[in-house]
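Here are my notes after a first look at this one.

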Amino acid sequence: MALADSLATLDSLDVAVLTDDVSDNYVSKTPFAVSEFANVVRGGARVISGEALLCANLGFGLRLVSSAGGARHTLLFDTGPEGPIFLRNCANLGIGLGDVEAIAVTHGHWDHMAALPATIDRIIEHGGRVTVHVNPGMFNERAIRLGSGDIVPVANVPLPSELDRRGASVVNSAQERLLLDGHFYYSGEIPRVTSFEKGRTDHFCRTSPGARWEPDPFLLDERMLVTKVRDLGLIVFSTCSHAGIVNVCTHVRALFPDTPIHTVMGGLHLGGVMERNIPDSVEALRAFDIRHIITGHCTGWRALHALANAFGDAVSQSAVGTTYTFSAERAA
C-alpha cells in the first residue's frame, strides 16, 4: 500500500498565517477566514494599534492544528526569516508554542528557515518537545543573480547539528513521510513533468565556501504538505512552489487520485523571473477544479490578477495574521 493511502481524514484543520509578505486587513477573504484585527483581539489586544498587529516580512510560515477522532496535533509549516518577528507575531495572536510537536520545512532558503532556532528555543522553554523534518538537499550554500548580473550569496540556513543542539529531534531524510498520527503527508521530491515549469534561472548553489557557484534552477529539495479534511477533500500547502504549482498539483493527483483538491495555499512563485509561466500555469490549473486558491508570499501581483480573472471568487490573497478553518461545517 502506498504511504499516501494511510493519510488520516481530519474532522477539521485550523491554519494561522504567522509569516507572509503582505499585511492587509481589508483584503477580500474566503468565508472560512478571519482577519488579523479580529485575531489580535482574540489574542488579548484591547486596542487596535501598530504594536498589537503582526509584522509582514519576506517568507511564509503557518501553524496547523488538526483534529481527527478526538486526537489533536499542532505543526508548524516553515517559520520565516527572523526569530524576533516570528515570536512577536505568535505572541500578538495569543499563540503559545509549547504545544508544537513538529516543524515541517519546505526547502533550504533563509526566508523559510532562519527563524527556526529562536522558535525551537521558545518551544523548549515552554516544556515542549519538537521534531524538525528536513532533507539533505536543504543545506547547500545558495545565491541569487541580480539584474546587474552580480551573484550574491543569501544567508545560510541553520544546520541539522544546530537544531539538534538546541533540543530538537531532527529527521533528515529525502523520503516522503506521514507526520503526527498520519494527519499530515510530507512529500519526497516533487517530480518535474510539465513542459514549461523549468525553475529559476537566477538561482545558484555551491556545496562548500570555496566551490564555484553553479546554476540550481530546480531546487529539488523543495517539499509540499497535504492534509485531507472530511467532506471537503485535500488541502495542499506549497509555500514557494519552486517545483511549479502545476507540477505540485499533478503530483498530488497521482498520490491521491480519488480525492479532489479543495484548496491550494501558499506561494506560487510566479513573480519576477517566473512571470513567463503565468499564462501556462493558469491554463493548466483549470484541469484540477480547485475550489480555493489562497495565494501568498512569492506569488506576485501579476499572477494573482491573472488567477482572479480566470477563477473569480475561488482566488483570494493570504495576509499575515489571517486564520482559516477547514471543516465541513465552516467551508463550502
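1. Let me start with a question: what covers the buried residues of H6? Bear in mind that this is a predicted model. The cover includes strands S12, S15 (225-229), S16 (233-237) and S17, along with helix H7 (278-285).

2. Staying with H6, eight of its eleven residues are buried, so the rest of the structure largely encloses this helix. The buried ones are Ile 245, Val 246, Asn 247, Val 248, Cys 249, His 251, Val 252 and Leu 255. If you want to look at the spacing in that list, remember that an α-helix has 3.6 residues a turn, so residues three or four places apart point the same way.

3. Setting aside neighbours within four places in sequence, His 251 is in contact with Glu 189, Ile 190, Pro 191 and Met 224. Take Pro 191: 60 residues separate it from His 251 in sequence, yet their C-alpha atoms are 6.9 Å apart in space.

4. Now the aromatics. Searching the whole structure turns up five aromatic pairs. In one of them, Tyr 185 and Phe 256, the ring centres are 5.8 Å apart and the planes stand at 90°, so the pair is edge-to-face. This pair ties together distant parts of the chain: Tyr 185 belongs to strand S12 (residues 184-186), while Phe 256 is in the loop between helix H6 (245-255) and strand S17 (261-267), 71 residues apart. Both Tyr 185 and Phe 256 are buried. Elsewhere, ring pairs join Phe 32, Tyr 324 and Phe 326 into a cluster.

5. Helix H2 (residues 83-92) is another mostly covered helix, with seven of its ten residues buried. Those are Gly 83, Ile 85, Phe 86, Leu 87, Asn 89, Cys 90 and Asn 92. Among the elements covering them are strand S2 (12-19), helix H1 (36-42), strand S5 (71-77) and helix H4 (116-125). After H2 comes Gly 94, which has a positive phi, near 70°.

6. Zooming out, the protein has eight helices and 20 strands. Its radius of gyration is 19 Å, close to the 20 Å that the globule rule gives for 332 residues, so the protein is as compact as a globular protein of that length. The C-alpha trace spans about 50 × 50 × 45 Å along the principal axes.

7. How much of the protein is buried? Of the 332 residues, 56% are. As for contacts with a separation of 6 or more, 77% come from residues 24 or more positions apart.

8. Last, the surface and the charges. The accessible surface comes to about 13400 Å², and carbon and sulfur atoms account for 51% of that.

Definitions and conventions. Residues numbered from 1 in each chain as written. Predicted model: local features only at pLDDT ≥ 70, side-chain atom pairs only at ≥ 80, totals over all residues. Heavy atoms only, no water. Phe/Tyr/Trp six-rings, centres within 6.5 Å; stacked < 30°, edge-to-face > 60°. Helix = DSSP H or I, 4+ residues; strand = E, 2+ residues; numbered from the N terminus. Buried < 20%, exposed > 50% of the residue type's maximum accessible area, 1.4 Å probe, protein only. Contact = heavy atoms within 4.5 Å. Rg over C-alpha atoms; globule rule 2.2 N^0.38 Å. Areas by Shrake-Rupley, 256 points an atom, 1.4 Å probe, with all protein chains shown as cover.
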